Amino acid sequence: MGEEASVTNLRNENGGNEDQNMEFDIYPLSSYYFGSKDAIPFKDLSLHNHLLRIQSNYAARGLRTSVEAVLLVELFKHPHLLLLQVRNSIYKLPGGRLRPDESDTDGLKRKLTRKLSVDEDGDGSEWEVGECLGMWWRPDFETLLYPFLPPNVKQPKECTKVFLVKLPASRKFIVPKNMRLLAVPLCQVHENLRTYGQIISGVPQLLSKFSFNMLES
């Protein structure tokens, strides 16, 4: 009785009733088709290259803003995160840098279309961009990222926004030949900073408020 009451109290403290649960539908990996297309340039072959490019871009354009997508599928009754892999060692959430005056949603749709769709020149209407799960800031031209903007930093060098993108029951993923699209279980990604980096390894925590519905195709 005491244990049951404790669980009930915990749910109430977190506003956790059925009406307030945030549910998210996930479809099986087998519902999706994966193909390939011509390779596209990948400029950040190392973290050092990335930092040099940020420094160059900052001198020309100021703050670099990037948008990235969290795409989820079901495999073995467990949520998996879709990641792009480059050169068998670099893992990336699909996305990229925004153009000047481009909105977060439009920029993310453009990047997803370029990297994962058949028609690279499409309008991106096939992508359902949801809420922003989190933002990461780079205060200086260094490797460390913060999930908040330190109050003493007046001119951050990079901001990366992570969005939840809802996939339909089925679709085609057409991936550049120089990249691989992998489905990685959330439990493997969780706090695995060494393999996946700060942003990707933090995604499971950002998703902790959701209840996943594992649906059949």
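The largest nonpolar core of this predicted model has 25 residues, a nonpolar core being a set of buried Ala, Val, Leu, Ile, Met, Phe, Trp, Tyr and Cys residues joined through side-chain atoms within 4.5 Å. Within this core, the residues with the most contacts are L71, L108, L116, W127, V165, L167 and F173. At least two core residues come from each of strand 3 (64-70), strand 5 (78-86), helix 3 (104-116), strand 9 (158-166), strand 10 (171-176) and strand 11 (179-185). Helices (H or I, at least four residues) and strands (E, at least two) are DSSP runs, numbered from the N terminus. Apart from this core lies another, of 23 residues, which includes L81, W136, L145 and V184. In soluble globular proteins, nonpolar side chains tend to be buried together.

Because the model is predicted, local features need pLDDT of at least 70 and side-chain atom pairs count only at pLDDT 80 or more, while totals for chains, interfaces and linings use all residues. Residues are numbered from 1 along each chain as its sequence is written, and side-chain values use heavy atoms, with hydrogens and water left out.

**Overall architecture**

The secondary structure of the chain comprises six helices and 12 strands. Of the 217 residues in the chain, 45% are buried; buried means under 20% relative accessible area, exposed over 50%, and partly exposed in between (1.4 Å probe, protein chains only). Among contacts with a separation of 6 or more, 73% are between residues 24 or more positions apart, where contact means heavy atoms within 4.5 Å.

**Around L167, W127 and R171**

With its neighbours within four places in sequence left aside, L167 is in contact with Y27, Y32, L71, L72, V73, L82, W127 and F173. The charged end of R171 sits over the ring of W127, 4.0 Å from its centre. R171 also lies over the face of F173, at 4.9 Å from the ring centre. A charge sits over a ring if NZ of Lys or CZ of Arg is within 6 Å of the ring centre and within 35 degrees of the ring normal.

The structure holds seven aromatic pairs. Rings of Phe, Tyr and Trp (its six-membered ring) pair if their centres lie within 6.5 Å; planes under 30 degrees apart count as stacked, over 60 as edge-to-face and the rest as tilted. The Y146 and F148 rings have centres 5.5 Å apart and planes at 65°, so this pair is edge-to-face. Y146 is partly exposed, at 27% relative accessible area, and F148 is partly exposed at 44%.

T113 is placed in helix 3 and is buried, with 0% relative accessibility. Beyond residues up to four places away in sequence, T113 touches K37, D119, E120, G122, G124, E126 and W127.

S117 is found in the loop between helix 3 and strand 8 (128-138). It is buried, at 2% relative accessibility. The side chains of S117 and E126 are joined by a polar contact of 3.2 Å, defined as a pair of N or O atoms within 3.5 Å; within protein, one must be able to donate a hydrogen and the other to accept it, and residues adjacent in sequence count only if both atoms are side-chain atoms. Outside four places in sequence, the contacts of S117 are K37, L112, E126, W127, R171 and I174.

S36 lies in strand 2 (residues 32-37). S36 and S117 are 81 residues apart along the chain, and their C-alpha atoms are separated by 9.6 Å. Leaving aside neighbours within four places in sequence, S36 is in contact with I174, V175 and K177.

**Exposed positions**

| Residue | Relative accessible area |
|---|---|
| S36 | 52% |
| S30 | 67% |
| F76 | 74% |
| D101 | 85% |

S30 is in the loop between strand 1 (22-26) and strand 2. Its C-alpha atom is separated by 8.8 Å from that of S170, 140 residues apart along the chain. F76 is in the loop between strand 4 (72-75) and strand 5, and its phi is near 55°, a positive value in a residue other than glycine. D101 lies in the loop between strand 7 (95-97) and helix 3; phi of D101 is near 65°, again positive in a residue other than glycine.
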